[in-house]
Structures are given as C-alpha cells and as structure tokens.
Amino acid sequence: MKTFYFYFFLLFALQSCKEKSLPILGNYTIENNDTIFSKIPDFQLLTQDSLEFNAQMLDGKIHLAAFFFTSCPTICPKVMRNMMRIEDKFSEQKDILYLCYSLDFKKDSIPRLKEYSNKLGIENANFLFLQGKQKEDIRSLMNAYMSIAVDDPDSPGGINHSGWILLVDKKRHLRSYCLGTDEKETDRLIKDIQILLDEVVKI
C-alpha cells in the first residue's frame, strides 16, 4: 500500500509540474531529431528616448510585446491600457520588458512616441515604445510574433492589424498571448506570466 501511495504522489507531483509549464508556440523545424522552435529574430530599433535597442537586449529577460500606432482610434488604446495594467501588476519585476512596436512609420516619429509615453504617464524604464529607421524594420518582425498588419485606407487610422499582447521567454520563444482588448483574456495572460516567472529555465 505504501508503494501505491508513493507512486500516486509521484504522479501527482509530475502532473503538477507539467501543468505549470507553458508550451512554446510558433513555427519549428526538426534537425537531427531535435525540435528547433523559431525565435524573435535579431533587430535594431530606437526607443522613445532615441536610444538604440536591439534583440540581444532581450536575452535573459521576459518580455511583453504589442503592435500599435499612436493615432489608432479603436483597439490600440484598449491594448495599451491592458499593457499598463500588466506592468502595474509586475512593477517589482525588473527582468520584464514591455515593448510597444509602432506600425506607423510616417507619423510615429521618436518625438511623437516620447510625447505619447509622457501622455500615458509611463515611468518604468523597461516600458519602451519602438520605431525603426525604415518601415520594414518593424513589419518584418510581425511573423515571428504571429501578428499581422496591413495598410488599409478603409480601416480606422489606416492600418488593419491584430491586437495581441504576446508573452516571450528569456530565450526569445513565444510562450503565450491574449487579445489585448479583452479584460478577461488579459487576466489569463497575467496568470501565464506568473507561470513563466516560476518556470525553471535552463539558459
């Protein structure tokens, strides 16, 4: 009977550990019987403070990502509110970055992103608004984040885009996401962030 209980609790413990791990999402390839998942690719962008920011700065840190533009009249304000709600929840975690990639290369200059950040009252140095030196610098990242954006004069603000908030681990693997306009979905993502923080990651 003792042996039975031992294996029962061992199975329960293993199952509990399994439930506390998030899957790796996105495309993958098989190489030498190993599964190789896609990663957020290298990039070099500028922050709202005109500082260079590259993908290597993501290594060893968890990050949340969203694609937006400052003149978006519909989904972006809701997504940004939920990004800020997440930041408020994890404000003590210094190893989490919040990246907001601008989709509007024409209007969202660095000074405009700085003004937008100030208007929102962003004080966390890890909460960054990013712009490229050319339009494709950011558009080329969207596939890795499983997001889309299409210039569409009939869409509000002129850009039709997804409204995801995406969670990426310390190895630049996509691990979870939510519809950034939905409060309950954002609550679920907050739980996933905590699971990822608790996860033992071998770097």
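This is a predicted model: local features need pLDDT of at least 70, side-chain atom pairs count only at pLDDT 80 or more; totals for chains, interfaces and linings use all residues.
Buried here means under 20% relative accessible area, and exposed means over 50%. H3 spans residues 110-120. The protein as a whole has five helices and 11 strands.

**Helix H3**
- Four names make up the buried set of H3: Ile110, Leu113, Tyr116 and Ser117.
- These buried residues line one face of the helix, because they fall within an arc of 120° when H3 is seen down its axis.
- Pro111, Glu115 and Lys119 are exposed, and they sit on the face of H3 turned away from its buried side.
- Gly121 follows H3 and has a positive phi, near 75°.

**What covers H3**
- Strands among the elements covering the buried residues of H3 are S3 (44-46), S5 (62-68), S6 (96-102) and S7 (127-130).
- Helix H2 (75-89) is also included in that cover.

**Whole protein**
- The protein has 203 residues, and 40% of them count as buried.
- Its accessible surface comes to about 12000 Å². Carbon and sulfur atoms account for 54% of that surface.
- Taking contacts between residues at least 6 apart in sequence, 68% join residues at least 24 apart.

**Confidence**
- The average pLDDT of the protein is 89. A score of at least 70 is reached by 89% of the residues.
- Residues 1-17 are the stretch to treat separately: pLDDT stays under 50 there. For residues 1-17 the model has zero contacts beyond four places in sequence.

Conventions: Residues are numbered from 1 along each chain as its sequence is written. Side-chain values use heavy atoms; hydrogens and water are left out. Helices (H or I, at least four residues) and strands (E, at least two) are DSSP runs, numbered from the N terminus. Buried means under 20% relative accessible area, exposed over 50%, partly exposed in between (1.4 Å probe, protein chains only). Contact means heavy atoms within 4.5 Å. Accessible areas come from the Shrake-Rupley method with a 1.4 Å probe; for residues, only the protein chains shown count as cover. The arc is that of the directions from the helix axis to the C-beta atoms. pLDDT is the predictor's confidence in each residue, from 0 to 100.
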